[in-house]
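Please look through the sequence and the structure shown here before reading on.

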Amino acid sequence: MQHNTGMITKIQTARLVISSVGFMQMVFIGLLATLAATVVAVGVSLPAHAADDDIWTKTPGSYPYRTVVATKTETTYKNHRTSSTERCTGHGPSSNGVHESETYTYDGETGRLIKYSRSSSRGHADDQYCKEVITTGWTETINTKYYLMRLVPFTFSPKTTVDKRTSQPGDVVTFTHTIGKTGTPPGTAGPKLTTVGTRSGPLYDYKFGSWLEQWRFERGEGYQDNRTVPSVTKTATSYQTKITIQRDTPIGAKICYETKSIPASERGGEKTSGDGACTTVNRIDFNLVPTVSRDVNGPAEPGEIVNVNYSVQNTRGGAGDKSAPATWKTYGVKVNPGVSTAPISEGALKESTTPDAMITALGGRSKASLFDVDKFQNTQQFAANAKTVVRSNAFQLPIDAASGTKYCFMMYIAPPTLNASPTNRHSTASCISVGKKPKVNIYGGDLSVGRSFANDPVAPNILHSLIRTSVSVLGGTVNKSFGSWTEYDAYAPGEVSGFATASGLQGGHSSTTNDQAQWSKLTFVNIPGKYGNFSGSSSLGVIPDTAVALMNGMKTVKTFTTENSFTIRSSDRSLESGRYNKPTGDLTINVSTLPKGKSVVISVPKGTVTIAGDIKYASGAYSDLTQIPQLVIVAKNITINSNVTNVDSWLIAKAPADTPAGTDGSDALRNPIGVIKTCEVETALTTSLCDKRLTVNGPVMSNFLLLRRTAGLVGAAATTEDQPAEVFNLRADSYLWLYQQGKSDVRAVTTYTRELPVRF
């Protein structure tokens with residue numbers, strides 16, 4: 001198909017007027033009788049249409065749903081001719097002349113005279129008779145632009161959402177009208193959005209913006225915003241309609257809105273969203289908050305069973321009210337070692353999101369993943385202002401879980417409120433780390449806390465002293481409980497928890513519950529209502545000043561002045577029994593072996609003794625009590641380095657006798673007085689720090705005992721045998737040596753006897 005413009009006629013009019021002044025003059029140029037002009041067209045052939053709906057036009061704005069896909073410019077040339085004549089007459093120097101002007105305009109194509117005009121006026125007295133003819137001509141270039149308009153596919157998708165699916169009198173309900181698009185609509189095809197409102201249920205008083213709006217609403221016509229969007233520059237264009245629910249609106253009234261788009265597509269027409277976003281008037285309000293808790297607060301070991309509780313709290317509503325039916329689900333997030341759980345375990349509740357979004361917040365699949373924790377869900381209503389436990393689950397950590405892995409337990413609920421947003425609400429994660437729970441075993445004695453040294457000037461606050469250790473409940477093939485224990489009894493003025501007496505957890509207990517009564521038969525505490533309650537803290541008594549008793553009558557062998565370390569060698573025949581004193585400063589004891597028959601007391605009353613290597617008693621058979629060696633270390637503080645695995649010694653840490661009264665000795669870390677530490681590391685512990693088992697053979701007495709070893713096997717490597725980090729062993733040699741020290745050749749002689757009556 002081709003366009004041909006044919007011959008185009010264009011009329012041009014020109015007028016030239018010349019005045020003669022001062023003398024008579026006549027100029028004759030020529031008189032054109034007939035003028036002819038030819039129009040030449042260039043580029044009049046335009047491309048063929050690509051489709052039957054294509055349109056070539058000079059005015060693209062006349063086709064609002066079509067898009068310009070091509071342009072073409074047509075160039076033409078046109079000739080023009082004009083003739084003008086002027087005459088003037090005079091009657092002598094004293095007379096006024098007459099000026100006459102004539103203009104002739106000719107058709108540029110045929111040369112016909114198509115217009116003639118004449119005018120006259122009085123001139124000056126001196127004007128002379130004159131006649132003048134002027135002929136002009138020019139060529140005009142004409143550019144005409146044509147546009148090819150085409151129906152390029154596009155669609156508009158109207159949608160309406162409401163922020164409150166259920167509302168109450170006094171609420172402001174917001175309907176959001178959006179228009180999405182596909183394809184590329186032309187700039188002139190911006191949609192005109194129409195808001196369509198409907199109602200159902202009991203009659204109610206809607207607060208309209210005008211009487212016309214109310215009239216249209218009651219007629220079911222809705223009302224129009226008449227908002228014309230000039231162009232669609234985003235994926236969606238939106239606006240809002242807000243209504244206020246009046247106080248006297250009856251329950252059950254329903255308000256719905258839809259959105260209409262004009263046009264619907266490149267073919268025109270209109271499209272209505274049809275989603276019927278509605279709010280139903282209801283006076284019941286609710287706000288549901290999901291929470292997750294667990295019974296193990298610290299780290300857990302591989303294979304350990306963790307009890308997880310899921311609950312939902314409704315923080316709103318009146319007496320007798322319940323929330324709308326809400327669906328809750330449980331799920332778990334496994335976080336790799338070294339990755340912080342803060343994005344999901346800290347801060348506010350997560351709303352309008354997904355479990356996959358939690359993985360993204362942690363850094364993606366390379367750092368975290370979802371795991372099968374429970375996969376349980378239910379739909380129920382929740383009483384107003386009440387907390388409801390909806391699920392309890394026992395989760396067993398994988399037996400091969402790597403140390404440092406975190407298992408986080410979460411739940412979400414939908415809808416959490418009566419509003420459209422948020423669509424759901426996720427609890428903050430309750431996370432447990434896989435690690436070790438170091439254990440301690442006490443052989444041959446008992447454990448007593450809450451007693452101070454006799455005559456101690458800086459005795460700490462002992463009234464709240466307690467014993468608290470952890471229990472590992474392993475499921476699967478092991479199916480036992482492991483924990484710390486003492487061979488005999490345990491005393492404390494405060495609570496005793498997680499710690500077994502009478503060897504109750506030795507080798508593991510067949511019970512997989514934390515019922516302390518099953519494995520703690522010799523536990524004594526003085527908290528009413530707690531297991532093992534007895535009289536009171538005053539009945540615990542005090543720790544006897546054993547150090548003074550041992551050193552009385554013992555000769556001083558050596559006083560350290562400049563030396564800062566001491567080593568005892570079994571081959572040192574010059575080593576004498578007795579006291580080795582360092583009145584001020586600290587002392588380090590290196591790897592040492594105490595020979596047979598040697599009794600040594602090392603006294604550092606104002607400093608710290610650091611045990612830098614293993615201390616042992618000489619091996620071999622002993623034929624007499626006098627051959628039993630014994631080492632006693634008395635110091636302000638005692639630290640055992642992490643490389644040490646065996647200490648054969650008494651350990652006594654107490655305040656110096658001359659410590660000023662009132663000195664604060666209650667803080668074992670910032671102001672250490674009377675502290676025994678089993679590792680010198682001050683930073684946070686990991687499974688690779690202080691990971692060697694320590695055994696201490698001898699009595700231990702101190703204000704504070706800080707157990708910092710992390711030894712022990714866990715998970716698949718664990719057996720039914722105990723794997724303690726520290727062992728305190730009160731062996732028989734300590735009793736036999738002490739008995740030998742108290743022996744005397746002095747005999748008691750009976751001088752008389754008297755029989756007394758029986759007393760009840």
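What follows is a short report on selected features of this model.

This is a predicted model, in which local features need pLDDT of at least 70 and side-chain atom pairs count only at pLDDT 80 or more, whereas totals for chains, interfaces and linings use all residues. Residues are numbered from 1 along each chain as its sequence is written, and side-chain values use heavy atoms, with hydrogens and water left out.

**Disulfides**

A disulfide is a covalent bond between the sulfur atoms of two cysteines. Here a disulfide is counted when a pair of cysteine sulfur atoms lies within 2.5 Å, and by this rule there are three disulfides.

| Pair | S to S distance |
|---|---|
| Cys256 and Cys278 | 2.0 Å |
| Cys408 and Cys431 | 2.0 Å |
| Cys679 and Cys690 | 1.9 Å |

The disulfide of Cys256 and Cys278 is right-handed, with 105° about the S-S bond. Cys256 belongs to strand β14 (residues 254–262) and Cys278 to strand β16 (residues 277–281), so this pair ties together parts that are 22 residues apart in sequence. Both Cys256 and Cys278 are buried, where buried means under 20% relative accessible area, exposed means over 50%, and partly exposed lies in between (1.4 Å probe, protein chains only).

The link of Cys408 and Cys431 is right-handed as well, with 110° about the S-S bond. This pair links distant parts of the chain, with Cys408 in strand β24 (residues 406–414) and Cys431 in strand β26 (residues 430–433), 23 residues apart. Cys408 counts as buried because its relative accessibility is 0%, and Cys431 counts as buried because its relative accessibility is 15%.

For Cys679 and Cys690, the torsion about the S-S bond is about -50°, so this disulfide is left-handed. Cys679 and Cys690 both lie in the loop between β46 (675–677) and β47 (694–697), eleven residues apart, and both cysteines are buried.

**Two open sheets**

Two strands are taken to pair if DSSP finds at least two bridges between them. Strand β32 (residues 490–492) pairs with β35 in the parallel sense over three bridges, and Tyr491 has Phe524 in β35 as its bridge partner.

Another open sheet of three strands runs in the order β17-β18-β23, with antiparallel pairing. Its edges are β17 (288–294) and β23 (386–396), each with a single partner strand, so one side of each is left without a neighbour in the sheet. Between strand β18 (residues 305–314) and β23, the antiparallel pairing extends over ten bridges, and Gln313 has Lys387 in β23 as its bridge partner.

**Helix α5**

Which residues of helix α5 (residues 732–741) are buried? They are Asp733, Ser734, Trp737 and Gln740. Seen down the axis of α5, the buried residues fall within an arc of 130° (taken from the directions from the helix axis to the C-beta atoms), so they line one face of the helix. The face of α5 turned away from its buried side carries the exposed residues Ala732 and Tyr739.

Conventions
Helix = DSSP H or I, 4+ residues; strand = E, 2+ residues; numbered from the N terminus.
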